[in-house]
Amino acid sequence: MKISYNWLQQYLNISLPPARLSEILTNIGLEVENMEEYNPIKGGLEGFVIGEVKTCIKHPNAKNLSLTTVDVGTEVLDIVCGAPNVAAGQKVVVATIGTTVYLGDNSIKIKKSKIRGEDSHGMICAEDELGMGSGHDGIMVLDQDAKPGLLAKDFFNIKSDLIFEIGLTPNRIDAASHYGVARDLAAYLSQDHKVDLHKPPVSNFKIDNKNRPVTVSIENEEACHRYSGLTIANIEVKESPEWLTTHLKAIGLKPINNVVDVTNFVLHELGQPLHAFDLGKVKGDKIIVKTLKDGTVFKSLDEQERKLSAEDLMICNEEEGMCIAGVFGGIDSGVTTSTKSIFLESAYFNPVWVRKTARRHGLNTDSSFRFERGTDPNITVFALKRAALLIKELAGGEISSDIVDLYPEPVKPFKVTLTYKNLDRLIGNSIERENIKTILKSLDMEITSDREEGLKLLVPPYRVDVQRECDVIEEILRIYGYNFIEVSQHVNSTITHYKKPDEHKLKNTISDMLSSNGFNEAMTNSLTKAAYYENLESYPVSNLVNIHNPLSIDLNVMRQTLLFGGLETVAYNANRKNNSLKLYEFGNCYFKSDKEDHDPLRKYSQQQQLALFITGNKSDLSWNQSEQKSTFFGLKSYINLVLSRLGIDEKGISTEEFSNDIFDIALRITFNQKLIVEYGMVNGKLLKQFEIDQEVFYADIRWDTLTKGLKGKHVNFSELPKYPAVKRDLAMILDNKVKFEDIRSLALKAEKKLLRDVSIFDVFQGKNIPEGKKSYAVSFILQDMTQTLNDKYINRIMDNLANSFEKELGAEIRK
């Protein structure tokens with residue numbers, strides 16, 4: 001949300017430095033995410049001055065150019081000018097040397113130059129070169145009372161503005177306007193000295209006549225709690241004046257016409273959405289607030305035909321719908337230059353109805369943003385008067401009906417009891433009681449009872465987030481200032497029992513390890529698009545957890561896997577020339593079972609998983625290192641590192657190959673007969689879907705299953721071995737179908753006591769190796785913890801291993 005400093009000062013007499021104001025806003029819960037200067041004219045006319053043309057003669061070497069001397073107050077400049085209307089005695093605007101002149105999206109910097117042999121020390125400007133119009137037929141000629149040497153920004157009264165971009169939290173919709181922010185600031189500043197908060201005046205509002213009454217009825221009171229409106233006749237729809245367009249442009253809005261601009265102005269001033277209907281299009285002079293038949297086609301302002309739901313609240317005339325209530329207007333009833341009379345609407349709609357309708361149609365407007373979070377039900381008439389007065393001022397006309405105000409069941413303020421005992425306990429400090437009352441009153445909270453033990457309050461309905469005592473205490477502390485609460489020197493501690501293994505500690509351990517190995521942690525959205533899962537057998541569409549009111553079609557289901565979020569991240573980085581990536585992510589995945597169950601909640605489950613992604617080069621290119629691509633075996637090494645760091649030994653692990661529609665090449669690891677990891681090279685079709693043109697290797701580690709398998713596992717310590725380990729190598733010829741895992745498993749089974757490690761250091765196929773065979777060179781590490789191994793004992797072990805390989809695997813031992 002953008003807040004203009006100049007606009008804010010209309011309600012508060014403040015002159016705080018921008019940095020200090022930003023600090024205050026952030027401290028009271030309105031975090032300032034960015035500050036930027038705004039100029040109604042690009043560049044703010046910096047470097048432009050008023051000048052007087054003293055002489056003007058034709059250029060001796062160019063018939064379309066003139067040689068001028070221009071007095072700019074401090075000096076007289078020689079300027080070559082190409083404008084046909086330049087003449088001696090004119091008052092003009094001059095861009096001096098060093099000034100940047102903006103021409104649309106392009107810009108030029110004025111330099112001392114020689115044009116056709118004559119010196120030129122500046123430029124006499126036309127409208128478009130100043131950013132004050134589109135005219136380029138000639139230079140801009142000013143009134144004769146313009147004083148040479150005066151800065152152009154002062155002559156044209158160009159006022160820069162400072163825009164605060166506030167990261168508004170969903171619960172603070174009361175501050176979604178300039179007046180709302182000013183109210184919070186006044187509450188904070190009033191602790192030191194009284195600060196007057198100026199509400200826009202509406203005291204001179206009056207009904208001019210009652211010639212154009214409109215009948216209003218609410219058929220759905222659940223969806224519309226209050227509806228106010230009036231008519232304004234004989235208006236002239238035209239461009240808005242400069243002050244209004246400047247206000248709107250400063251916060252990023254595009255001016256449309258004086259009537260629509262007023263409704264937008266009041267929305268951002270008071271936080272109350274308004275809508276203006278062309279009264280000539282209100283058939284039967286009736287406004288009916290109701291729902292229409294399911295499937296009714298409605299053409300909205302963006303010229304799209306939308307099929308309405310029976311739960312979409314509509315503003316209708318006698319024959320048809322004119323507007324989706326609180327969300328979007330219709331194309332046929334909007335205000336145009338031909339509009340002569342309007343019906344002005346100010347309402348309070350049920351936030352739930354507006355939110356569901358907005359999500360259903362994929363719309364997010366300034367109005368729906370406020371209505372779906374809860375506007376002030378008691379400000380509708382005030383906002384209506386404010387807008388009506390502005391429209392009369394800018395478009396003429398007269399207020400031609402009484403104010404219609406249907407409010408079947410007024411929204412009551414929230415009753416809250418505040419005790420000083422709880423206040424002091426929760427804050428951890430005692431705040432002066434009078435200061436508390438000042439803060440509460442400045443926040444529009446009415447004190448109905450003031451006793452020694454506490455206060456009874458009426459909280460205004462627009463504070464939808466303040467309905468409990470703890471909410472009121474938070475409001476007091478927010479305005480009082482968290483930074484003014486002293487930190488206690490007393491430290492409390494409690495002894496707590498925690499489960500083993502400590503999952504949080506394990507997660508941090510693995511995160512640190514992966515980060516130290518060059519990985520970056522990714523955090524992707526738990527919501528994703530259902531289209532990713534279409535035609536996948538590994539993650540069936542039937543197991544998706546659907547969102548009833550999705551933010552968009554791209555976020556309509558809960559993820560079943562971390563794969564797609566990771567691929568989106570890879571694609572995003574690859575598109576920005578960051579092709580070499582190592583990523584990991586911890587995240588929950590969500591599933592729905594197809595099995596029938598009397599308890600519907602038992603159909604749903606979630607699992608925490610750890611995903612690893614590697615793609616591109618293994619390391620950055622360097623003059624002393626050749627390019628090395630990430631590989632399947634590189635991913636495998638990181639998986640082994642994770643398992644090893646968790647203390648999972650190889651005895652309970654088994655590995656098998658598999659294939660599915662996710663991987664081209666893949667392995668599956670089980671631990672104690674439970675699946676813990678699936679990893680491999682991602683299927684090319686999936687990569688193409690994400691427009692990724694390089695290999696991506698992905699591991700899906702079932703974190704919940706893995707940590708459960710660690711329960712009851714203890715870390716055992718033993719002294720360092722006193723006796724040396726012995727390494728022996730063995731070369732053998734085997735069938736192609738035999739894997740190293742088969743050799744390793746058989747070796748550990750055959751020699752359980754002394755064999756410490758098995759590794760492979762060479763694989764060969766080709767010359768002197770029979771077809772369908774391959775040669776493995778394997779190392780074995782032997783060690784006895786009680787004595788030094790002698791050659792005789794070692795040879796007997798190696799013979800036993802060789803015999804096992806020959807018998808079980810059909811190996812031919814190479815001598």
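Visitor: Is Asp 208 buried, exposed or partly exposed?
Guide: In this predicted model, Asp 208 has a relative accessible area of 28%. Buried would require a value under 20% and exposed one over 50%, so Asp 208 is classed as partly exposed.

Visitor: Which residue forms a salt bridge with Asp 208?
Guide: Side chains of opposite charge can pair when their charged atoms come close. For Asp 208, the closest N and O atoms of the pair are 3.1 Å apart, and the partner in this salt bridge is Lys 206.

Visitor: Which parts of the chain does the salt bridge between Lys 437 and Asp 450 tie together?
Guide: The closest N and O atoms of Lys 437 and Asp 450 are 2.7 Å apart. The two residues are 13 residues apart in sequence, so the pair ties together helix α12 (residues 433-442), which holds Lys 437, and, on the side of Asp 450, strand β27 (residues 446-451).

Visitor: How many residues apart are Arg 478 and Asp 184, which form a salt bridge?
Guide: The closest N and O atoms of Arg 478 and Asp 184 are 2.7 Å apart. This pair links distant parts of the chain, with Arg 478 in helix α13 (residues 469-480) and Asp 184 in helix α5 (residues 178-189), and the separation is 294 residues.

Visitor: What is the relative accessibility of Asp 184?
Guide: Arg 478, its salt-bridge partner, counts as buried at 6% relative accessibility. Asp 184 also counts as buried, and its relative accessibility is 1%.

Visitor: Which residues are linked with Arg 478 and Asp 184 in a network of salt bridges?
Guide: A search of the whole structure finds 39 salt bridges. Arg 478 and Asp 184 belong to a network of them, whose other members are Arg 172, Asp 174, Arg 463, Asp 465 and Glu 475.

Visitor: Which residue caps the N-terminal end of α7?
Guide: At the other end, α7 is followed by Gly 271, whose phi is positive, near 85°. At the N-terminal end, a side-chain oxygen lies 3.1 Å from the backbone nitrogen of Val 259, and the capping residue that supplies this oxygen is Asn 257.

Definitions and conventions
Residues numbered from 1 in each chain as written. Predicted model: local features only at pLDDT ≥ 70, side-chain atom pairs only at ≥ 80, totals over all residues. Heavy atoms only, no water. Salt bridge = Lys/Arg side-chain N within 4 Å of Asp/Glu carboxyl O. Helix = DSSP H or I, 4+ residues; strand = E, 2+ residues; numbered from the N terminus. Buried < 20%, exposed > 50% of the residue type's maximum accessible area, 1.4 Å probe, protein only. Polar contact = N/O pair within 3.5 Å; in protein donor to acceptor, adjacent residues only side chain to side chain.
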